[in-house]
Amino acid sequence: CGFNSIGHMDTMPRRRHHIGHYKEGEEFIQNVFQVLFLLFSGKEKSNLSFCWLQYEISKVVQCLQKKRKKKLKVQGKKSKKLAKNLLKAPDNRNQLSLWKLYAYLEWLLGNVDDARKVFDTALSTAGTGGVKNPQLCSLSLLYAQLEVELLESLEGAVMSRAVHILTKLAENGPYVPYSGQIVSVNILKARKTYDHEVQDYLNKIAAANQDQVSDSNQLVNLVGCYALFQYLTVGIDAAVLIYTQALEKLKVPDPKNCENPGEKLGVPNFPMVLEDLSVQHTNLLRFHMKISVYPLNPLREALVAALKRHPRNPALWRSYIHVQRKSHSASKARRFFDGITRSTRSLEPWLFAIRAEQMRKTLIETVQRADVGEVHATIPETGLANRIIALFEHAVQSENGTHCPLLWRMYLHFLV
């Protein structure tokens, strides 16, 4: 009945009309949003608007993932109409977080020029504040990240639109849209500003001074801006150094010496900072590997260290599986999964361990069936099947696995 039903999962093949949001559940959710929208005002209404638009964007992302062009066109029109109506509300007109979502929506729909206009307008009307303004920092980071994704290489990146955005943020002055030229002196000044602000913020958080630090997300955005700026103007090693220094400054214990990975690690009262920085770090390494020649080991080591600290993070697990698929040996990944599942009660490691083995099984079966009429398997496949069943058995016997409908449905489907 809801938009996230129990059977909604990628590991099961579903008929085409089952992919997406069910009509009854969608109508219910829309009615809830519309009723609540009339009841709230001020900041609460703006927060509700943000959640509503996020939900609409999730549907657009789903259409993109399933490559359903007709559905995407229809959904895109609905989502854009809602976004414009929400931004017309008096309480929302100056909300940078909403303008950021609207620009992101346009970008997802392929309207890059329109998205840039929205970003530029929002930045121009936001006033000053620079890196000290959390919303401005968040908006600029997303804008720069999207622009970086369009780059095919780092050649000439120092004069890119992304560098212009990050440089203007550090200048703490009125934003001027990109004209194609960037003054080298401004880049040097911006680097000095970022370095000072990041070190200052890290010192405040490391001292656990809650009076001086009110928003932990600001540190994540600030480090993200600085690392991306360094990546574009200096290189990947300079960007990685920013993340390494941030983790060291926050005095993160070495995951190798932790008896219970994922438990009681990080700075007090800022549990999400390390996790978000780890995701940023690994995502940047993955992107760099896509556009440049770069060894796989730094990414693998960063993912292993991050997953020992945050065994429940699905984004990190997806990246880890993607990396391990490039390896011909499965033994190292299996030992890692085994170690994590033994030392944490989280269910995510079990689910991704099973998923990794299923992908490996599918790959072998695809190779066996390639350009062949009747299948005559040359590689025994029973070992993988038995391993997957053993993983399911151990997972459903765990405290969290016993009560997980998704896990049971995956197990039943595999046996069938």
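Cysteine 63 is buried in this predicted model, because its relative accessible area of 6% lies under the 20% limit for a buried residue. A search of the whole structure finds zero disulfides. The protein chain has 416 residues, of which 45% are buried, and the chain contains 17 helices and zero strands.

**Cysteines**

- A disulfide is a covalent bond between the sulfur atoms of two cysteines.
- Cysteine 225 is buried, with a relative accessibility of 0%.
- The closest cysteine sulfur to that of cysteine 225 belongs to cysteine 137, at 4.0 Å. Because a disulfide requires two cysteine sulfur atoms within 2.5 Å, this pair is too far apart for a bond.

**Overall organisation**

- Among contacts in the protein chain with a separation of 6 or more, 63% join residues 24 or more positions apart.

**Packing of α1 against α2**

- Two packed helices are described by the angle between their axes and the distance between the axes.
- Helix α1 (residues 23–39) packs with α2 at an angle of about 160°, and the two axes are 10 Å apart.
- The two helices α1 and α2 are therefore roughly antiparallel to each other, since angles over 145 degrees are classed in this way.
- The crossing of α1 with α2 is left-handed.
- From α1, the contact involves Glu26, Ile29, Gln30, Phe33, Gln34, Leu36 and Phe37. From α2, the contact involves Lys45, Leu48, Ser49, Cys51, Trp52, Tyr55, Glu56 and Lys59.
- The residues in this contact of α1 with α2 comprise eight nonpolar, three polar and four charged.

**Packing of α5 against α6**

- Helix α5 (residues 112–125) and helix α6 (residues 134–149) have axes that come within 11 Å and cross at roughly 155°.
- This angle makes α5 roughly antiparallel to α6.
- The crossing of α5 and α6 is left-handed.
- On the α5 side, the contact is formed by Arg116, Phe119, Asp120, Ala122 and Leu123. On the α6 side, the contact is formed by Leu136, Leu139, Ser140, Leu142, Tyr143, Leu146 and Glu147.
- By class, eight residues of the contact of α5 with α6 are nonpolar, one is polar and three are charged.

**Loop residues with positive phi**

- Lysine 67 has a positive phi near 55°, although this residue is not a glycine.
- Lysine 67 lies in the loop between α2 (42–66) and α3 (69–88).
- With 72% relative accessibility, lysine 67 counts as exposed, because the limit for this class is over 50%.
- Asparagine 172, also a residue other than glycine, has a positive phi of about 60°.
- Asparagine 172 is placed in the loop between α7 (161–171) and α8 (184–206).
- Asparagine 172 counts as partly exposed, at 44% relative accessibility.

- Isoleucine 389 belongs to helix α16 (residues 382–397).
- The relative accessible area of isoleucine 389 is 27%, so this residue is partly exposed.
- Leaving aside residues up to four places away in sequence, isoleucine 389 touches Tyr411, Phe414 and Leu415.
- Isoleucine 389 and tyrosine 411 are 22 residues apart along the chain, and their C-alpha atoms are separated by 7.8 Å.

Definitions and conventions
Residues are numbered from 1 along each chain as its sequence is written. This is a predicted model: local features need pLDDT of at least 70, side-chain atom pairs count only at pLDDT 80 or more; totals for chains, interfaces and linings use all residues. Side-chain values use heavy atoms; hydrogens and water are left out. Buried means under 20% relative accessible area, exposed over 50%, partly exposed in between (1.4 Å probe, protein chains only). Axes are lines fitted to C-alpha atoms, for helices over the stretch in contact, and angles run from 0 to 180 degrees between N-to-C directions. Helices (H or I, at least four residues) and strands (E, at least two) are DSSP runs, numbered from the N terminus. Angles under 35 degrees count as roughly parallel, over 145 as roughly antiparallel, 65 to 115 as roughly perpendicular and the rest as oblique. A crossing is left-handed if the near helix is turned anticlockwise from the far one by less than a right angle, and right-handed if clockwise. Contact means heavy atoms within 4.5 Å. Ala, Val, Leu, Ile, Met, Phe, Trp, Tyr, Cys and Pro count as nonpolar, Asp, Glu, Lys and Arg as charged, and the others, Gly among them, as polar.
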